[in-house]
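Hello,

Here is the structure I promised to pass on. Please have a look, then read my notes below.

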Amino acid sequence: MDRTRIGWVVTGSLLLCVGMTLVGVNAFAGRLWLVVVGFALFVGGYRTMQYGVHGWPSVGGLDATGTVTPGVLARVAGLALSVVLCAYGFLFMGEAVRASAWEPTLLSGAAVVSGYVIGHVAANDEVL
């Protein structure tokens with residue numbers, strides 16, 4: 001791996017860590033939009049690291065011209081939905097810890113897992 005690729009991996013790692021720090025701190029305080037920003041940074045960092053390791057993946061709906069196609073719009077909508085679902089899931093987790101209740105724990109798990117699956121399909125054309 002050359003230095004440029006290593007730079008992409010390090011930059012992505014930093015974005016990912018800053019994003020998850022925002023998520024972790026603000027989920028317990030109930031600050032939804034800061035949790036959303038944290039997850040957006042996480043997704044951006046993840047994709048940046050992916051670029052550094054594998055190059056830009058060829059994913060359906062994306063073309064070299066940068067044209068906005070229905071496939072691109074579906075991917076952007078999927079990633080946005082994923083980020084919001086995960087953010088809500090972490091807010092429910094914070095509530096579950098504070099209240100020691102099972103209902104928010106169940107909602108948290110459902111939201112985070114759903115958000116992960118939707119986001120991974122939108123980003124990579126596959127669940128895993």
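**What I found**

Start with Thr48. This is a predicted model, and in it Thr48 sits in helix α2. Is Thr48 buried or exposed? Its relative accessibility is 13%, under the 20% cut-off, so Thr48 counts as buried. The Thr48 side chain comes to 2.7 Å from the backbone oxygen of Gly44. Thr48 also has contacts beyond its neighbours within four places in sequence: Trp8, Thr11, Gly12 and Leu15.

Next, the core. The largest nonpolar core holds 10 residues. They are Val23, Ala27, Leu32, Val35, Val36, Phe39, Val83, Cys86, Ala87 and Leu91. Helices α1 (3-27), α2 and α3 each contribute at least two residues to this core. In soluble globular proteins, nonpolar side chains tend to be buried together.

Phe39 is one of the core residues. Which residues does Phe39 contact, leaving aside its neighbours within four places in sequence? They are Met20, Val23, Val83, Cys86, Ala87 and Phe90.

Last, the largest pocket. The most come from α4, with seven residues. By class, the lining has 11 nonpolar, five polar and one charged residues.

Best wishes

Terms used. Residues are numbered from 1 along each chain as its sequence is written. This is a predicted model: local features need pLDDT of at least 70, side-chain atom pairs count only at pLDDT 80 or more; totals for chains, interfaces and linings use all residues. Side-chain values use heavy atoms; hydrogens and water are left out. Helices (H or I, at least four residues) and strands (E, at least two) are DSSP runs, numbered from the N terminus. Ala, Val, Leu, Ile, Met, Phe, Trp, Tyr, Cys and Pro count as nonpolar, Asp, Glu, Lys and Arg as charged, and the others, Gly among them, as polar. Buried means under 20% relative accessible area, exposed over 50%, partly exposed in between (1.4 Å probe, protein chains only). A polar contact is a pair of N or O atoms within 3.5 Å; within protein, one must be able to donate a hydrogen and the other to accept it, and residues adjacent in sequence count only if both atoms are side-chain atoms. Contact means heavy atoms within 4.5 Å. A nonpolar core is a set of buried Ala, Val, Leu, Ile, Met, Phe, Trp, Tyr and Cys residues joined through side-chain atoms within 4.5 Å.
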